[in-house]
Amino acid sequence: MAAAHLQLPLFLFLLILLNPLLTVYGVGINYGTLGNNLPSPKKVAQLLQSTLIDKVKIYDTNPEILQAFSNTGIDLIVAVENYHVANISSDVSTADEWLASRVVPFIPATSIVAICVGNEYLTTDDEKLEPKKLVQAMQNVHAVLVARGLDRKIKVTTPHGMAVLASSFPPSGSTFALNLMPTMTSIVGFLADTGAPFLVNAYPYFAYRDNPGTISLEYALLGNATHGVRDPKGYVYGNMLDAQIDAIRSAITALGFGNQTIDITVSESGWPSKGDHGDIAATPQNAKTYNTRLIERAQSYRGTPMKPKDKIEIFVFALFNENKKEGSVSERNFGIFNGDGSKVYDVDLSCQFCSNGGTFGFGEKVSGGGARGPSVWCIAKPHADEKVLQAVLDFCCGPGGVDCREIYESGDCSEPNKLLAHASYAMNNYYQMHGRNYWNCDFKGTGLVTFSDPSYGTCRYPQQ
């Protein structure tokens, strides 16, 4: 079996589970709903559990979505819409009413980890959106979270477009636009004080579409261009996304926050499969290439030339094509999936050992069976940190009291001889033994509750 016989002492298991440095990284995705032909949130939530996606960002607090993602093990980022920011900024009591009605009813069953106040609020064309109100709204929402003891679990931030920069090249010389300096100073200071990430929506597609004669397609498609682009300070960029991230980093440093830890998250990035007439960039092949590489980038531990050891969290844009979205043709065609659930192009989101056998598609039969209802199981997340998983496996098969004979050699669940598979079996047994409470399938964030029976072949996963 996958090293299950190497029992760790209980104290060492607890040390590993409590160690904040052992962070689990996955892939995030943006789930927009501006379409009249989309699958139900319940169906979306159920099937995303069978993928590498472990974080979903939405653009409101749709109660149907929040309910659908309860007990899935998938983290949600919700949003205050731009038009509602002014109300939230008016006073703390208004922010508290919003939180009490939109968020609190769904936690902790639904794992809400961040609230985005607005979206590209500072660079929209709406003159009614006042910058000062954005800062005040963020402060009010955070104050309410502090008062309710939720500020360590739920962070407050706001996504920015690249237009907040005066210029993005060279990356080392980038600064925020002069008219936004006061507001950006307040926002970055708030993020530094609260430990929230700086969110940026970065799209190499738009830069290439508008300048195909001067920008290499391979450079825009995350292709690690052979010669790269050299920054005056010596940094070499093999792809445009890294350059965009470092441009934001330089702008933050220019405000005087270079010595403080502020994580940068790519809250949106993607490539459309279709565009307006004459748009040679928006093709299914380019979209497949970019998003495949973007997903690989999200799963890696790579940083950028300026900060090679700083992991960058990434949210792919987007899950679906949205046929009711305004704007150009490309705006309605960023999805990996069509509204009817068929794939626009093939991007691998599957995992080797998931609750539905590793397949993913809204029109496909779930091979694991197990309709939603009283039947529920606990498995390991497909992207879970292996050190934590090994500690979990050793604990379950040792002090946890689980009978792990089935995952030893010649047992019905010994194959596949993978740590992920063996940990899933042990975690489920522990979960079933202890009453199937959601906290019994946490395991430092590596456990996932599923309604699809993970049993396969002669390997049967018990249920209560």
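Tutor: Let's begin with the rule for rings: those of Phe, Tyr and Trp (for Trp, its six-membered ring) pair if their centres lie within 6.5 Å, and a pair counts as stacked with planes under 30 degrees apart, edge-to-face over 60, and tilted for the rest. Keep in mind that this is a predicted model, in which local features need pLDDT of at least 70 and side-chain atom pairs count only at pLDDT 80 or more, while totals for chains, interfaces and linings use all residues. Residues are numbered from 1 along each chain as its sequence is written, and side-chain values use heavy atoms, with hydrogens and water left out.

One aromatic cluster is made up of Tyr203, Tyr205, Phe206, Tyr208, Trp271, Tyr290, Phe317 and Phe334. In the whole structure there are 16 aromatic pairs. Take Tyr208 and Trp271: their ring centres are 6.4 Å apart and their planes meet at 35°, so this pair is tilted. It joins distant parts of the chain, since 63 residues separate Tyr208 in helix H8 (residues 204–210) from Trp271 in the loop between E10 and H11. Those labels come from DSSP runs numbered from the N terminus, with helices (H or I) of at least four residues and strands (E) of at least two. Tyr208 and Trp271 are both buried, a word that means under 20% relative accessible area, against over 50% for exposed and partly exposed in between (1.4 Å probe, protein chains only).

E10 leads us to the sheet. Strands of a sheet pair through backbone hydrogen bonds, either parallel or antiparallel. Here, two strands pair if DSSP finds at least two bridges between them. The open sheet has 9 strands, ordered E5-E4-E3-E2-E1-E11-E10-E7-E6, with parallel pairing. Strands E5 (155–157) and E6 (159–161) are at the edges with a single partner strand each, so one side of each has no neighbour in the sheet. From one strand to the next, the twist averages 25°; angles run from 0 to 180 degrees between N-to-C directions, using axes fitted to C-alpha atoms, for helices over the stretch in contact.

Helix H10 (residues 240–257) touches E7 and strand E10 (264–269), and its direction makes about 135° with that of E10. Helix H11 (residues 284–299) touches E1 (27–30), E10 and E11 (313–316), at about 150° to the direction of E11.

Let's finish with the cysteines, further along the chain. A disulfide is a covalent bond between the sulfur atoms of two cysteines. It is counted when those sulfur atoms are within 2.5 Å, which gives 3 disulfides. In one of them, the sulfur atoms of Cys378 and Cys441 are 2.0 Å apart. The S-S torsion of Cys378 and Cys441 is about 85°, so this disulfide is right-handed. Cys397 and Cys404 also have their sulfur atoms 2.0 Å apart, but their torsion is about -90°, so that disulfide is left-handed. The sulfur atoms of Cys413 and Cys459 lie 1.9 Å apart, and a torsion of about 100° makes this disulfide right-handed. At 2% relative accessible area, Cys413 is buried, and Cys459, at 0%, counts as buried too. Cys396 is in no disulfide: its nearest cysteine sulfur, that of Cys397, is 6.5 Å away.

Technical notes. Contact = heavy atoms within 4.5 Å.
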